[in-house]
Amino acid sequence: MKEIEPFEQSLKRYRGLLFTVCQRYSRRGADIDDLLQEVTIALWKKHAEMESIAPLPRQAAWVWRLAKNASIDYLRRLRPTEALPEGLEEDLRDDDTGHHDNLQECIKLLDEPDKSIVSYHLDGYRYEEIAAKTGLTVSNISVRLVRIREKLKKIYNNGI
Amino acid sequence: MESKNFDSLWQEAEVNRMAKELVREYPRWRRRRRTATAVVSVALVAVLMVPVLLPRADKGYDLICCNRSGIDAEQWPALASDLLIESAL
Amino acid sequence: MKKHILILLFILMTLTAAAQNKLYDRYASRQDLTVARVDGFRLNDSTKVDVVMLVADDATSWQKLMKELNVSNMRDVTSWLANVNNPARRVRWTGAPVIRVVVSPTRRTVGFYRLNNEAQYDALVDYQLNNMKGKKK
C-alpha cells in the first residue's frame, strides 16, 4: 500500500506529459478517456522500474516512451466489440460464491454517506469536490475514507 | 490471505481512481493549455511587431531589394533622387 | 502548441515581409538588367513612394528595354505617367494610381515611381522643384 502514494505523486508530476501523448493518439480514433486509463495502468505496472530511473529528465523520457507504446498497443487492440457467446451471460450472473470478490458489491453494503463518499472517491473526484457534494469538510472526507477502507476490508474478508 | 487480496483489490481500485481523476482533469488542462497558447501567441505577435510598429531612425527609405548581390544598397535611394531631379531639369 | 506557434510565425513572416511589388517581380529575373526596389523612398516628412529601378547591363539590353517601353532614339532624360501594370502605356493624371516613369539614357536606367494618390503626386513634384534649384541645367 505504501507504493500508492509515490505512484500518485509520479502521476501528478507527469500528468501534462501523459495528456500530451494521449491527446496525440486520441486523434487516431481512440477515445482519450480509454487511453488515459490504459496509460495509467501501464505506468502502474512498471512503477518500480520508473522509480529507479534518475535523473528526472531521463525518467520523463522513459514515461513518454511508455505512454507512447501503451497508446500504440491500445490502438492496435481496438476491435469491434463482440457479443458474448449465448448463455454465458446468464452463467456469469448466477455465479455466486457467497464471498464478496467484487469491491463494488462491498461498497453497496455501506451506509450513507460512506457509500457516496467512497464511490465519488473511486470515480476520481477530488476531496474538495466530494466535500461540496456531500456537505462535509475536506478533512472529514479524508478521515472517513480511512475508516471506510477498514469497513470494506471487514466486509470483504468476512463476507458480511 | 484474504487481507492481502483486499489490499490488492483496493490498490487496483486506487489506480483506476487515479486514471479517472486524470480523465476528469484533462478538459481543464486542455483549456489552460489553449489559453497559454493564445497568450504566448499574442505575446509573440506583439514582440515581433514592435520593430514594424515603432518609429525607426529615418534613413529616407524603408526597404531596399536588389536582384544582384554585392551592390552597395545606399546607391539606390541616391539614384532614385537623381533621376527625379534630372527629369525636372 | 508548437504547431500553432509555427503557423503563427509563418503568417507573421508573410505579413511583415516586404509587400509584393509586381513591377519588381516582373523584371527581377532578367539576366540583362540590374533591378532594384526602394520601398518608402521619402519625398517629404509625411510622404513616401515605392520605386523600382532598372539598370541595363549594356547597350544591347538598353535598346531592348527601350523597345519594350515603346521609346526610341532618346538622348535626354524623359519622364511620363504610365499605367501601373504597363509602363509603355502612357496615361494622364486622374487621381487613380499611376507610375511616373523616368528614363535616363546616360545612366541606362529607368525608374518607376508608384503614385497611389494626389498627396504622393504633389509630393513628387515638390521634391523635384525643391531639389532642382541648385542644379539648373
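Which side chain meets that of Arg30(C) in a salt bridge? In this predicted model, the partner is Glu68(C), with an N to O distance of 3.0 Å. The two residues belong to distant parts of the chain, 38 residues apart: Arg30(C) lies in the loop between α2 and β1 of chain C, and Glu68(C) lies in helix α3, which covers residues 59-68. Arg30(C) has a relative accessible area of 18%, under the 20% limit, and is therefore classed as buried. Glu68(C), by comparison, is partly exposed, with a relative accessible area of 34%.

Of the 137 residues in chain C, 45% are buried. Among contacts in chain C with a separation of 6 or more, 44% are between residues 24 or more positions apart.

Chain B is built from 2 helices and 1 strand, arranged along the sequence as α-β-α. Buried residues account for 33% of its 89 residues.

Chains B and C are in contact through 34 residues of chain B and 46 residues of chain C. The size of an interface is often expressed as the accessible area lost when the parts come together. For chain C and chain B, about 3,500 Å² is buried between them, 68% of it on carbon and sulfur atoms. The count between these chains is 4 salt bridges. Arg107(C) forms a salt bridge with Glu86(B), in which the closest N and O atoms are 2.5 Å apart. Polar contacts between chain C and chain B number 18 residue pairs, both residues being at pLDDT 80 or more. On the side of chain C that touches chain B, two or more residues are given by each of α1, α2, β1, β2, β5, β6 and α4 of chain C. The largest share, 10 residues, comes from β1(C). By class, this side of chain C has 24 nonpolar residues, 11 polar residues and 11 charged residues.

Over all chains, a search of the whole structure finds 22 salt bridges. Side chains of opposite charge can pair when their charged atoms come close. Glu25(B) and Arg15(A) meet in a salt bridge with an N to O distance of 2.8 Å. This pair joins two chains, because Glu25(B) lies in helix α1 of chain B (residues 2-53) and Arg15(A) in helix α2 of chain A (residues 15-26). Glu25(B) is buried, with a relative accessible area of 11%, whereas Arg15(A) counts as partly exposed at 25% relative accessibility.

A further salt bridge is formed by the side chains of Glu129(A) and Arg24(B), at 2.7 Å from N to O. The pair crosses between chains, from helix α9 of chain A (residues 127-134), which holds Glu129(A), to helix α1 of chain B, which holds Arg24(B). Glu129(A) counts as buried at 18% relative accessibility, and Arg24(B) is partly exposed, with a relative accessible area of 28%.

Methods. Residues numbered from 1 in each chain as written. Chains lettered and ligands numbered in written order. Predicted model: local features only at pLDDT ≥ 70, side-chain atom pairs only at ≥ 80, totals over all residues. Heavy atoms only, no water. Contact = heavy atoms within 4.5 Å. Buried area = accessible area lost by both parts, 1.4 Å probe. Polar contact = N/O pair within 3.5 Å; in protein donor to acceptor, adjacent residues only side chain to side chain. Helix = DSSP H or I, 4+ residues; strand = E, 2+ residues; numbered from the N terminus. Nonpolar A, V, L, I, M, F, W, Y, C, P; charged D, E, K, R; others polar. Buried < 20%, exposed > 50% of the residue type's maximum accessible area, 1.4 Å probe, protein only.
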